[in-house]
Amino acid sequence: MRERFLIGFDPFVLPFLLGMAFVLTYCIIGLIRVVLQLSKADRRKLAASLFKPANAWKNLRDMFCDCLIHVKLWKRNPKLGYMHSSIAFGWFMLIVFGHIETFIFVPKKAGLFYYPIFFRYFMEMENYSLRGSFFFFIMDFFLLIVLSGILLAMFKRIRSRFFGMRRTTRLSITDRIGLYSLWAIFPLRWIAEGFTAGIAGGSFMTIPINLLLKNFMSNPENITVAWWLYSIALGTFMFALPFSRYMHIPAEILLIPMKNAGLKVYHPRKGFALAQIYTCPSCGVCIDACPMSASRQNLKDTTVYLVRQIKRNNARRMNAMTEKCLMCGKCQEVCQIALQSYDIRMKIRERATYNVGLKYDYLDSYKPEIGKAKVLYYAGCMSSLTPNTGRSIKKLLSAARISWTQMDEGGGVCCGRPLILAGRRQEAAAMIEKNTSIIESSGAQILLVSCAICYRVFKEEYKLKGIRVMHYTEYFNELMEEGRLKVNRGALRYAYHDPCDLGRGCGIYEEPREALSRVGIIAPAEKERALSVCCGGSVGSLTLDHEDRIPITQASVQNMLFSNPDRIVTACPLCMKTFSRYSPVKVVDFAEALCDGLEK
Amino acid sequence: MAKENVVVIGGGPCGIEVARNLRDLGYTPILLEQQSELGGHLRLWDRLFPEGVEARKVLKELTGDLKGVKWFTDVNIESIEKSRKGYTVNVDTGMSFQTKALVVTTGFKLFPAENKQEYGYNIYERVITNADLEQYFHTRKDPRIQNPKTIGFVHCVGSRDEKACNRQCSKVCCATAVKQASEIKELFPDAIVYCFYMDLRLFGRSYEDMYLTAQRKYGVRFIRGRVSEVSEDIDGKLFVKAEDTLLGKPMKMKLDLLVLMTGILPGDSTKQLSEMLKIQTGEDGFFTPRDTILEPCMAKDGGLFMAGTCTGPKTIPETLSEARAAAIQVHKYLSK
């Protein structure tokens, strides 16, 4: 191997070089901006975690697994996993081996940015060596891998269903420029290297091209044209990158340490959130996952498009999309980069201004009389609309001989979650404070909650000293495990629906299933646990009207009917009411289902 | 010449009247009824508004003269085949009937009150429906009705309620509620009777008089506002929360009996037949006729006729008039 040109430069490298310089400048400025936006405490946290060996190792591992190999995507969808990792990992290896080659054969040129990229143009082969052939092979091999990924990517644009995606993202103009230039890069590289394969050598990919088009290829006039095109494609991609979804490539490298440092979103488009926004690759997995995708007109309000509007700082659309969201958290569950869309949306909601002020000073005069007991039951507002739930709970409590009392018999103070979901934290604080004082002065040891919505706010926002907050699914399962609540097993098949706030919100998946399996047979739903589908009744959405919710509920009911259950069971009064309007089978509350197992 | 068969599906008042008229016009009507007796919902009612005519008397009148009508009870439709010649109706007893004209009179069903769990039907002891009350008027036996002192009627249970999947007005329940409120007051003169309504739709002739009598003679208290929730205390009394929207005040009261005025939904067989015969239905599930004003008894398909409450809520006299109209239409179609 030896150099063909003494100066080691040709004007065709300029598009690439300029593009590269642009991207690097952009990313460095962006990095400084994001880090400066962090609070002092967060910055310190981030710095500390970078130097902690365990964390540093985790960062490296995550970068390798997430950025290059796309392990999570492989697990969810192998076809998509192959497509993404072949391009990312293949390209990465091309860059790595390009540098190794440069380093071995022309160490003095290793400092030039463009040299490893256009190595084959600047080099000439004198004689075959094993070492040289190894590199020829490796480079062609990874080129093939990347090209296969590109081919799949093209096919995905035509038939996304082949990859198990019903819908993919509608790309913006810059996304398209990025996409088409990315598609162009590797075929052009192949052709360019094919041109020089007669001079610089090559392997199974480039040599055949060279031989096949011998006359055309060996014309030196055409050689520079091919390399110009390759460089222009690279340059175009680099210039489009910061304004397109391909910004996720550099942004994820920043996001991973931030995530591992345990930072929290504090502003919808600053600091940690900004890093997340730029890491969104617009893959569109969240579109199919979103319960609102049951009707077409809502597709444009899914998370991937929200991210785009946040990038553009379109306040009107950001607010509208955020207010429409059911806040079920499913997009976050399926997201490859685990974009914290729930937190980002909450921050958008909290920044919204309202014309109407709310006053809750009358709460001071509210002094309920509550009996003394070990278990304090908080039924919540929805329970007055589903009296069967309350009845069944009382039946179960007395069957287990528990000393209990109800906190909100005949009316009580709201748990505060609807206000929090509307972004009105300050107003909710009044309720949280009032309820806290009622609960703490009651002398109870356990706060029993039968509504998943209330349960989440009790868990997340209340600080109750010395009191265990338990959802009734946890509590009754525990009573059964301890043998205090005895039930008989029947033959009914129950399909259990994971309420959003209980499952994805609080991570409770097993207790209700364990308890239900003691009274009957569990009939699995098509999508369940973390992937369960919102019932459509969620109080999370502020603007979705009844008509829009109907298709969501119908789709969710269909999901529950997957294995022909006798009953749909849910552990949230709102899901129950919503389902029972459209379900062909009986919908019962978790406590009602357990009562099936009590001796009559 | 042998008399021509005409199949009528549904043996309620409408089906019976269609069949009787077709017979009078010289056909052999074949009347198919799912239940074990003819009469439909009329069998379950005690008296009819506005004059309080006994439902049984009307039914006796209708079923008393069925000579020349072939009627079958306890039959379910298995399938219906459509051909150029007309329809072949196959039923589960193994029989099948050929007919050139098919009349569908499958009627309605009452909204299942259990679906509005907040009102506590089948959960609380003293919550009943309008149908239960009619039954009580007839039999005077119901363990839930024990000399009530305070009684509430809830209008629009499962009607005009999108969350109950029924946006439409059921039309007849307002008048029924006024009638039942007066009747129960007659039975229990000391009781205080409340009606919780959102709008009172007393559209028919002399219905307004019925309403005024209920207020003046029986002292029924009409409260404009919906009941939001119902709960039960230890001795079985009902706690009702509602809003008086005219006073703009929330109200709470204790009641001994709560009557839910369940609305009208398309009957199960209406749904079944709409699938079987591909009859167009509205969003509310009732059949859509070819022309709602000019041809309310005809479906889009030639030879298919419909009448009664399968095309929307109706009173008994309206149903009977439509039945006669349908019979005439069938006759015109067959003698073409």
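This is a predicted model: local features need pLDDT of at least 70, side-chain atom pairs count only at pLDDT 80 or more; totals for chains, interfaces and linings use all residues.
Two residues are in contact if their C-beta atoms, placed from the backbone, lie within 7 Å. To find your way around, residues are numbered from 1 along each chain as its sequence is written, while chains are lettered from A and ligands numbered from 1 in the order in which they are written.

**View 1. The two domains of chain B meet here.** Nine residues of domain 1 of chain B touch 17 residues of domain 2 of chain B. On the domain 1 side, five of these residues are nonpolar, one is polar and three are charged. For these classes, Ala, Val, Leu, Ile, Met, Phe, Trp, Tyr, Cys and Pro count as nonpolar, Asp, Glu, Lys and Arg as charged, and the others, Gly among them, as polar.

**View 2. Five strands of chain B form an open sheet with parallel pairing.** Follow the strands in the order E11-E18-E12-E13-E14; strands are DSSP runs (E, at least two residues) numbered from the N terminus, and two of them pair if DSSP finds at least two bridges between them. Strand E11 (127-129) and strand E14 (221-224) of chain B are at the edges with a single partner strand each, so one side of each has no neighbour in the sheet. From one strand to the next, the twist averages 25 degrees. E11(B) runs parallel to strand E18 (residues 257-262) of chain B, and three bridges join them. To pick out a pair, look for B:Val127, whose bridge partner in E18(B) is B:Leu258.

**View 3. A three-stranded open sheet of chain B shows antiparallel pairing.** Here the order is E6-E7-E8. Neighbouring strands are turned by 15 degrees against each other on average, direction ignored. Four bridges link strand E7 (residues 87-91) of chain B with E8(B) in the antiparallel sense. A handy landmark is B:Val89, which stands opposite B:Phe97 in E8(B).

**View 4. Two helices of chain A pack against each other.** Helix H3 (residues 53-69) and helix H5 (residues 78-105) of chain A meet at an angle of about 115 degrees, with their axes 8 Å apart. Helices are DSSP runs (H or I, at least four residues); their axes are lines fitted to C-alpha atoms over the stretch in contact, and angles run from 0 to 180 degrees between N-to-C directions. H3(A) brings A:Cys67, A:Leu68 and A:Ile69 to the contact, and H5(A) brings A:Ser85, A:Ala88, A:Phe89 and A:Phe92. By class, the residues of this contact are six nonpolar, one polar and no charged.

**View 5. Chain B touches chain A here.** Eleven residues of chain B are in contact with nine residues of chain A. The chain B side is made of three nonpolar, four polar and four charged residues.
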